[in-house]
Amino acid sequence: SFPTRRSSDLSLQRTGALDADEALTPLGRHLAALPTEISVGRLLVHGAMLRCAQPVLLIAAALSDRSPFLQPLARREEARLVQAAFNKEQSDHLAVLEAHRQWSDARRQGGNGEARRFAERHFLSERTLQGMSDMADQFWGQLAGLGLLPKLDRLRPEKRDAARAIANANANNQQLLKAVLCAGLFPNVLKATPGKSQPSLSQQKQQVQIHPSSFNKGAPRFETGWLVYHEKVAANGKVSVHDCSPVSALDLFLFGAEPQVLHAQHRILIDGWIESRVSPRTAVLVKALRLQLSELLRDRIDADWDSEAGAGDNGGDNGGGRGGGKGGGKGGARLEVPVARAPVPGGKGWPPPMETRAQAQAALLSALVWLIGRAGGSGGGDGDEGAPAKAPPAKGGGPGGKGGGGKGGGGGKG
């Protein structure tokens with residue numbers, strides 16, 4: 001059956017595209033201008049806003065195409081073992097990004113021949129990896145047209161490098177990339193409840209499994225109590241996801257649907273079923289941060305990236321500081337951005353100057369990235385305070401079919 005106008009509006013409100021009055025939000029205005037599905041559009045917008053553009057564009061490209069992970073029928077176990085090295089963060093989406101990065105490094109260091117040999121050794125589709133690069137370039141142009149990223153072709157070479165460095169200042173921050181995945185893939189959320197041998201996964205009252213094509217199949221535990229996914233399918237009476245990534249309760253609080261704060265119970269409720277314990281004071285502060293993020297999106301609509309690249313006010317590992325130097329070229333290479341480290345909340349030099357709106361927004365981004373990093377390093381279970389150990393990689397799963405966030409698959413569905 002086709003969705004009703006009311007159900008469509010509710011869906012758009014859950015993803016932040018419409019407000020309670022069914023008017024377009026700043027995020028919704030950006031999404032309406034992008035020729036992509038809503039989840040991919042949310043990824044692109046937040047990746048640009050949070051200064052981790054290139055890796056997020058590549059992840060978005062992977063979600064829009066086939067998986068680069070090949071699974072030859074006669075060598076399936078060998079392929080899984082080799083490709084498991086890409087899974088460093090319990091994330092199918094970051095695994096495909098890591099595969100692209102290493103392939104891109106091989107091509108840059110040894111030419112096309114070395115890149116081809118790398119792909120063959122790791123059972124990767126070069127055509128798909130190159131397609132990811134090409135689509136990421138297209139996404140960059142679309143976001144530049146909206147003022148969310150710099151129009152690189154209009155900048156002088158020295159400013160082009162500085163602009164790219166600013167846009168990718170947080171490109172190596174894995175916790176932030178997971179938060180952006182949360183922003184893009186919400187409301188596709190699973191709750192992971194610890195079990196005897198492995199966690200049980202559920203979405204509200206529905207039990208969900210991880211498909212064998214996922215790197216996370218067979219994981220004994222997850223570093224957080226929540227996962228986000230791109231697609232969920234039903235087959236043979238079972239519901240499964242082909243790709244998933246762990247996210248923190250704070251990620252859901254910041255980038256999920258508008259939270260309902262239950263002050264008396266010291267809890268928040270997101271999307272009607274996602275619960276987490278939080279103090280009333282923290283809940284008020286995070287809701288205020290959500291409002292500021294919305295204002296930042298509104299301001300980015302008319303951003304002047306050319307002048308920003310010249311000034312370099314929003315770079316830095318933590319979202320602030322001065323941008324400069326070379327931020328890396330096209331592809332998935334790890335970006336080394338020689339920028340001054342911005343002060344962090346509670347540290348020396350905090351708070352930074354906030355005399356102008358641009359300085360205040362730079363401080364906001366710096367605080368946000370710092371906060372997400374702390375939550376990712378210490379958040380556990382259902383979002384309550386705690387510091388669980390890093391979860392080990394899964395032993396039983398592997399990429400194939402739709403693994404790594406892609407559609408289709410190089411060698412069947414595992």
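## A tucked-away loop residue

Phe123 counts as buried, with a relative accessibility of 6%. Buried here means under 20% relative accessible area, while exposed means over 50% and partly exposed is anything in between (1.4 Å probe, protein chains only). You'll find Phe123 in the loop between α6 and α7. Its phi is near 55°, a positive value in a residue other than glycine.

Before going on, a word about what you're looking at. This is a predicted model, in which local features need pLDDT of at least 70 and side-chain atom pairs count only at pLDDT 80 or more, while totals for chains, interfaces and linings use all residues. Residues are numbered from 1 along each chain as its sequence is written, and side-chain values use heavy atoms, leaving out hydrogens and water. As for the element names, helices (H or I, at least four residues) and strands (E, at least two) are DSSP runs, numbered from the N terminus.

Most residues other than glycine have a negative phi, and most peptide bonds are trans. Arg51 is another residue to look up: its phi is near 60°, a positive value in a residue other than glycine. Arg51 sits in the loop between α3 and α4 and is buried, at a relative accessible area of 2%.

Then there's a cis peptide bond, which joins Phe186 and Pro187 with omega at about 15°. Pro187 belongs to the loop between α9 and β1 (189–193).

## Helix α4 and its cover

How many residues of α4 are buried? The count is 11 of its 11 residues, so to speak a mostly covered helix. Among them are Ala53, Gln54, Leu57 and Ala61. The cover over the buried residues of α4 includes α3 (38–49), α6 (92–121), α7 (126–145), α8 (157–167) and α9.

Start with α4 (residues 53–63) and α9 (residues 174–185): their axes come within 11 Å and cross at roughly 45°. That makes α4 oblique to α9. Axes are lines fitted to C-alpha atoms, for helices over the stretch in contact, and angles run from 0 to 180 degrees between N-to-C directions. Under 35 degrees counts as roughly parallel, over 145 as roughly antiparallel, 65 to 115 as roughly perpendicular, and the rest as oblique. Pro55, Val56, Ile59 and Leu63 in α4 meet Leu177, Val180, Leu181 and Leu185 in α9, where contact means heavy atoms within 4.5 Å. By class, this contact has 8 nonpolar, no polar and no charged residues. For the classes, Ala, Val, Leu, Ile, Met, Phe, Trp, Tyr, Cys and Pro count as nonpolar, Asp, Glu, Lys and Arg as charged, and the others, Gly among them, as polar.

Now try α4 with α6: these axes come within 10 Å and cross at roughly 110°, so the two helices are roughly perpendicular. From α4, Pro55, Leu58, Ile59, Ala62 and Leu63 meet His93, Leu94, Val96, Leu97 and His100 in α6. The class count for this contact is 8 nonpolar, 2 polar and no charged residues.

## The sheet

In what order do the 7 strands of the open sheet stand? The order is β5-β6-β3-β2-β1-β4-β7, with mixed pairing. β5 (232–235) and β7 (245–247) stand at the edges with a single partner strand each, so one side of each has no neighbour in the sheet. Neighbouring strands are turned by 40° against each other on average, direction ignored. Two strands pair if DSSP finds at least two bridges between them.

β3 (residues 206–210) and β6 (residues 238–241) pair in the parallel sense over 2 bridges, and the bridge partner of Gln209 is Ser240 in β6. β5 and β6 pair in the antiparallel sense over 4 bridges, with Ala234 opposite Val239 in β6. Their hairpin has 2 residues between the strands, and in it Asn236 takes a positive phi near 55°. As for α9, this helix lies across β4 (226–228) and β7, running at about 100° to β7.

One last stop is Ala95, found in helix α6 and buried at 0% relative accessibility. Ala95 and Ser245 are 150 residues apart in sequence, and 9.8 Å apart in space, C-alpha to C-alpha. Leaving aside neighbours within four places in sequence, Ala95 is in contact with Phe69, Phe86, Asn87 and Phe215.
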